[in-house]
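Please open the structure in your viewer and keep the selection panel at hand. The tour goes from one selection to the next, and each stop says what is to be found there.

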Amino acid sequence: MPNRITELFNIRYPIIQAGMVWNSGWRLASAASNSGILGLIGAGSMYPEVLKTHIQKCKKATGHPFGVNVPMLYPDIEKIMDIIIEEGVKIVFTAAGSPKTWTKWLQDRGVIVVHVVSSIKFALKAQEAGVDAIVAEGFEAGGHNGRDETTTLTLIPMVKEKIDTPLIAAGGIATGRAMLACMVLGADGVQIGSRFVASEESSAHSAFKNVVVDAKEGSTQLTLKELTPVRLIKNKFYNDVQELYKKGASVEELKVLLGRARAKKGMFEGDLDEGELEIGQISGLIHDIKPVKTIVSNIVNEFELAKIEMSKL
């Protein structure tokens with residue numbers, strides 16, 4: 001399945017396993033890379049020394065390319081970037097910040113840089129910064145998201161119209177058919193998150209994985225736009241947020257309710273009532289927990305079958 005994305009990352013299939021906080025440790029990233037796609041370690045939930053350990057274990061577990069996803073709002077960002085260079089990581093996905101901040105610094109040290117955006121405006125800024133590829137993520141995606149609620153199938157062709165940089169689609173993609181749809185609309189590859197949360201190798205708590213499998217249409221909602229927009233499964237914490245909204249809560253009151261470590265509590269520790277349960281809308285189509293190798297094989301096989309079916313129309 002060679003194209004600009006497979007050649008850029010030296011992978012077999014143009015699929016990226018998203019680097020998700022509390023879900024994407026070295027086991028998931030190495031299993032993804034060993035399956036012919038690009039695995040990413042999610043640095044957003046890791047202290048610098050923890051990230052270093054995950055990178056070292058990932059290098060031992062796979063001989064294939066893998067990368068690190070870095071939210072640039074991270075307080076120890078300089079230490080994180082230094083560790084990435086020291087450990088010889090060659091691919092970095094950046095998000096939640098200006099692509100100008102780290103792109104050239106990383107590229108000067110031999111790193112391929114990809115930036116995640118949620119709009120045409122930021123896609124153009126990423127291209128101007130000289131990134132090697134761009135992830136355009138629709139608001140169907142789980143976790144932190146864009147404020148404009150632009151869907152993936154709308155965002156991809158609009159971004160494609162404006163940029164020449166290799167384009168990766170994200171948000172609402174968990175099947176081979178969805179992958180084909182995004183590539184028909186102009187994407188060179190896809191980034192998949194929620195489907196890999198419900199994998200055997202994900203570092204998510206088993207209770208959270210089971211909630212994902214049990215999710216239905218309408219089980220998630222984008223909320224907390226006043227802070228940082230995030231898509232959550234509707235649980236007690238989500239309902240508490242909505243009750244505050246009904247009372248006309250201020251930003252400060254929302255911050256107090258959110259507190260600290262909500263995402264860790266929910267996704268990593270399995271507190272299904274008080275934790276933040278971040279997952280995409282596509283969770284309603286995820287019905288089981290499987291090994292990464294099986295997930296990748298199913299997606300690729302469905303993609304190829306869908307191509308054949310479409311050619312007969």
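Buried area is the accessible area, taken with a 1.4 Å probe, that two parts lose on being put together, summed over both. Keep in mind throughout that this is a predicted model.

Next, turn to the place where the two domains meet, where 22 residues of domain 1 are in contact with 19 residues of domain 2. Between domain 1 and domain 2 an area of about 1,900 Å² is buried, and carbon and sulfur atoms give 57% of it. Now select Trp22, Arg147 and Ser283, the residues of domain 1 that lose the most area to domain 2, and that together account for 32% of what that side buries.

Then show the side chains of Lys225 and Glu149, which form a salt bridge whose closest N and O atoms are 2.7 Å apart. The count of salt bridges between domain 1 and domain 2 is one, while the residue pairs in polar contact between them, both at pLDDT 80 or more, number 16.

For the last stop, select strand E7 (143-144) and helix H9 (194-197), each of which supplies at least two residues of the side of domain 1 that touches domain 2. If you colour that side of domain 1 by residue class, you will find eight nonpolar, 11 polar and three charged residues.

Definitions and conventions
Residues numbered from 1 in each chain as written. Predicted model: local features only at pLDDT ≥ 70, side-chain atom pairs only at ≥ 80, totals over all residues. Heavy atoms only, no water. Contact = heavy atoms within 4.5 Å. Salt bridge = Lys/Arg side-chain N within 4 Å of Asp/Glu carboxyl O. Polar contact = N/O pair within 3.5 Å; in protein donor to acceptor, adjacent residues only side chain to side chain. Helix = DSSP H or I, 4+ residues; strand = E, 2+ residues; numbered from the N terminus. Nonpolar A, V, L, I, M, F, W, Y, C, P; charged D, E, K, R; others polar.
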